[in-house]
Structures are given as structure tokens and as C-alpha cells.
Amino acid sequence: MYASTLLSPVKLPKISTRFSNMAANNNITSSSSPPPATSQPTSLPLREIPGSYGLPLLGPLADRLNYSWFQGSEKFFKKRIDKNQSTVFRTNVPPSFPIFTANPNVVAVLDCKSFAHLFDMELVEKKNILVGDWMPSTKFTGDRRVCAYLDTSEPQHEQIKNFALDTLKRSSTIWVPTLTTLLDKMWDTIDSQLPSGPVSYLVPIQKFIFAFCCQCIAGVDPANSPDIAEKGYIRMDRWLGLQILPTVPINSFQPLVEIFLHSFPYPYFLVSRDYNKLYEFLEKEGKEVISRGQTEFKLTKEDTIHNLLFILGFNAFGGFTILFPSLLSALASDKTGIQEKLCKQVREKAGSESGLSLRSIQEMDLVQSFVYETLRLNPPVPLQYGRARKDFELSSHDSIFKIKKGELLCGYQPLVMRDPKVFDEPETFVPDRFTGEKGKELLTYLYWSNGPQSGLPSGSNKQCAGKDFVTLTASLFLAHLFLRYDSVTITGSSFSAVEKPKSKP
Ligand code: HEM
């Protein structure tokens, strides 16, 4: 049975199915947000939230070790769904004992219906909870709380969010030419190295992402600074890595990881040189975008630069650094001849006459669906949090639970995106899942951007400002690849062979 037929009886939140075609229309809307997740009456039974936080200190410690070491995050949540016979339950998540002051107690929401409450800004607050109850020091962001840590009730959130949306809108005319130029350069280098053996794509892709984001988000070219051209992406990696390290589960090298990487937050001074170099670069090269932040969005110069750096580095560079390798590994693990099908569609829609454009990419439904399916099974930001603004009733597919004001909800997307009540064959990568009318409907339940793929990021919600930019860029990346090559052979994180079209030597 197709998923949508299963959806109606369980009354999932009804969210607009309009697919925002932001880039093609060059028109970013910043007004609409998904309707509240709990607005419909329901006849589901009321149930006490199962699960427990365990004994003080020992409960959080045991959960932390299970989460990061013995079970890993996915098994950790799966086991508790089975044990509690519920996709909503109480548990602890790291970081916690002994040095972190964070409260590890959360209510896990692990199906599409309960997870959607995280998008309802009337129900949840998003202040300082980007990575959970614990927040990295604001020293990493110039002694201020940047957009991603602001709640929608804070006036600066809307100002900065609109600024972020505006920077993307303005650059939409250069996305395709910038991407094409940078990717041609990347592939030329890879082509030249392939005769000597497999070529790792990790560094070339990071360099590409860094330059692409700099140009499209901040209008600055790393090539103008020898230091940033050479080391910009590494400086970004170090600054980013140090902020998130305490919350990233790492199963290998235990217990050393638990003791040395997950037990205390890292001090900013370790990466202050990197951050200062990036700041100086943006200050010098990004005069136009900075002045727009000041004049049109009434931000201070410092607020503009620190927020731009966070959006460019943490949101965009960080997100793409996970997404692109996921796309390539989805190509590598396919056994259904997907490369041939993608190649055929790309050449039909963007062959020599029409070329690669924001318009032609809109016609490539299989390419876009491949990107959506990659985001479904590998959401780059796996955890999302929301703190209850008030007492309210939260529904899963089968029960209703009473949530108390102040409780922290925690959604783990890799499991939510495999909700069997929403997605047929939820564990299988189905490349064309999101094509056709039914596929379009299903976009309402694709949540990688902290909101439905059919929703619109705005100043009044917390959906990713780059939602459409990300999926279009990923689709363009694939389309560019299949205009250039008939197929690529990928082993691990390396290209081992590429096949060029016979007619174009
Ligand atoms: C693959 C790439 C990306 C992924 C996976 C991603 C994912 C996300 C997610 C999950 C959130 C919400 C976090 C939360 O509050 O729980 C978010 C927020 C945000 N993202 Fe993205 N993002 C990506 C790229 C971008 C890009 C290119 C931009 C450029 C404008 C961007 C700008 C933002 C901003 C400004 C926010 C904060 C939204 C708010 O506070 O209302 N992101 N992103």
C-alpha cells in the first residue's frame, strides 16, 4: 500500500503541499510557516510518557555510555522504542556527567507525527538548543548568540533570518555559473590524478564547497586571499569541529573518546587564530554584503560578520560537507543502474541546447528525488530539539502524551525518516520515491531542514534558510556530474574510475 493512503487515518499535521520554487522564481517568501502540528481534534488514547531518567548521575552516565559507545545513537533509540512500545518516551542524551552542566533529560519524539511538533513555534521554544540543552561557548561566535541559537520570539531572529534569505536570493543568478566553474576545476584535477590510482574526494569536495559557499552566500572569492584560498576550509573545519565534538557520537577508540573528547567542552583559544583569519577575510572582501546587513537589516557590522560566518561555515559548509559524500555513497551502493537513468534524464533535459540552469534542473524529477531520498536516509543534522513553551498534548500515531512547560523534546531524524506509517519500504533507498503526484505529497514528511520540504523558511519559524538552495545545489552537482561523465566508480571515499561520453573525448 502506498504511504499516502496510510497517512489519512492517522491525521498527520496538514501542511501546505506547495513546493516552493524559490530559485527559479527568484522569489523568496518569508511569511508562511507550517500550520500547528496539533491543531486537529483526535480520538487517540491518553498515555503516560513511558521510560525514565534513572538514578541521579548514574542514569545519565549509563545512557551516555550506551549512546556514544556500547550501542551507538541509532540502536540506542531503537532499543528504547522496543522496550517502551512507544515512539515517545523519556531518556537522557549526552553531553552530561561529569563536567557538563547540561540537563540530559529529554522526551524523545521518534515518528513523523510526534516529531512535527518541533516545527510548531507556538508549542516549542528554540532558544540556545541547537545541539541540545548544552550550548558551545559564545566565544566561538564573537561573544554573541547567532541566528541558529535565537528563538522566534527574539526580534533579532527575524532580522538575521531575513538577511540570510536575502543573501541567497540575491546570489541566485550566479549559482549555476559559479558551481559549473568550480566543479569543472575540481573534476579536471581529479581526472589528471586518476591515471596514478584512486583519488580521494574528501579534500577536493571540501575545497569546492568552501569556495562555492563563500561566493554564493557572502559574495567573496577565497582566491583573493592566498591564506584563505589554501587553508580557508581547514580553518573552518577546526572551528566547526571544536564546537560540535562533545555531542558527536564516535564508536571507535573508546573509552578514550569518552574520556578525552566527550567529557568537557573545548576552549575557544584553540581555534581563535583560525576564526580571526576568517573574520578578517570577510571584513575585507565582503564590504557589499556587510553594508547591506547594516543598512537594510539594521544589524551592527559585527553582528553581520559573525552571523555570516556562522551561516557560511556552520550551516552551509558543515551541512554540504556531510551531504555531498552521502550523495556519492548513495551512487556507489546502488545496484539498480541508477547512474544510467540519471545520466539519461540529465542529458535529455540539459543537453547541448538548453544547458544546465535553474529551469532545466526543475524538470529533472529523478535527479531531485535522488537528492530527497539521500536526505531522507542520511539527514545531515540528525538531532533536533524544542523546549515546551507551555503545557500541551503531543500525539504520536497511536497515543497522546501530556508535555509539561520547560520539558525538552528531542527528535532523532534518521529513525523518524524511516517511519513505516509514512514511508513504504522505509529502510530501502528508492531513488524515484519522490517523483509523481504521490512523491510530491510525500515531501510534506521530508524533514531534513527542520521543517517539511513543502514548507517555507521564514522569520517566524526555524526552518533552514538554505532549504531550497541546498536541494537545488545538490541536484545541480549530480546533473553536472552526469553531463560530464557516463558513470563514475566510487570505492569508499575515492573515485577509482570515471567514464567520459564516447562522443566527447
Ligand atoms: C546540506 C546543507 C544544510 C543542512 C543539512 C542544513 C540544515 C539545517 C537545519 C537542520 C537547521 C535547523 C537547526 C535547528 O534549529 O534545529 C538549519 C538552520 C539554519 N540554516 Fe541550514 N542547512 C544547510 C545549509 C544551509 C545553507 C546553505 C544556509 C544558507 C543560508 C543555511 C542557513 C541556515 C540558517 C540561517 C538556519 C537558522 C534558521 C533559524 O534560526 O530560523 N543552511 N539548517
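1. In strand E10, the residue that forms the bridge partner of Val199 is Phe495. Strand E4 and strand E10 (residues 494-499) are joined by 2 bridges and run antiparallel; two strands are said to pair if DSSP finds at least two bridges between them. Helices (H or I, at least four residues) and strands (E, at least two) are DSSP runs, numbered from the N terminus.

2. This is a predicted model, in which local features need pLDDT of at least 70 and side-chain atom pairs count only at pLDDT 80 or more, while totals for chains, interfaces and linings use all residues. Residues are numbered from 1 along each chain as its sequence is written.

3. The open sheet has 3 strands in the order E4-E10-E9, with antiparallel pairing. Strand E4 (199-200) and strand E9 (487-491) are at the edges and have a single partner strand each, so one side of each is left without a neighbour in the sheet.

4. The ligand is surrounded by 26 residues, of which the closest are Ala316, Gly319, Asn450, Cys464 and Gly466; a residue is near a molecule if its C-beta atom, placed from the backbone, lies within 6 Å of it. At least two residues of this shell come from each of helix H6 (155-171), helix H13 (301-333) and helix H19 (467-484), and H13 gives the largest share, with 6 residues. By class, the shell has 17 nonpolar, 6 polar and 3 charged residues, where Ala, Val, Leu, Ile, Met, Phe, Trp, Tyr, Cys and Pro count as nonpolar, Asp, Glu, Lys and Arg as charged, and the others, Gly among them, as polar.

5. Cys464 is found in the loop between H18 and H19, and the UniProt record, an unreviewed entry, places the feature "binding site" at Cys464; such annotations may be inferred rather than shown by experiment. Cys464 is buried, with 20 other C-beta atoms within 10 Å, given that a residue is buried if 20 or more other C-beta atoms lie within 10 Å of its own, exposed if 12 or fewer, and partly exposed in between. Not counting residues up to four places away in sequence, Cys464 touches Ser449, Asn450 and Pro457, contact being defined by C-beta atoms, placed from the backbone, that lie within 7 Å.

6. In helix H16 (residues 365-377), 11 of the 13 residues are buried, so H16 is largely enclosed by the rest of the structure. The buried residues of H16 pack against H13, helix H14 (338-350), helix H18 (436-442) and H19.

7. Arg347 lies in helix H14 and is partly exposed, with 15 other C-beta atoms within 10 Å.

Note on methods. Contact = placed C-beta atoms within 7 Å.
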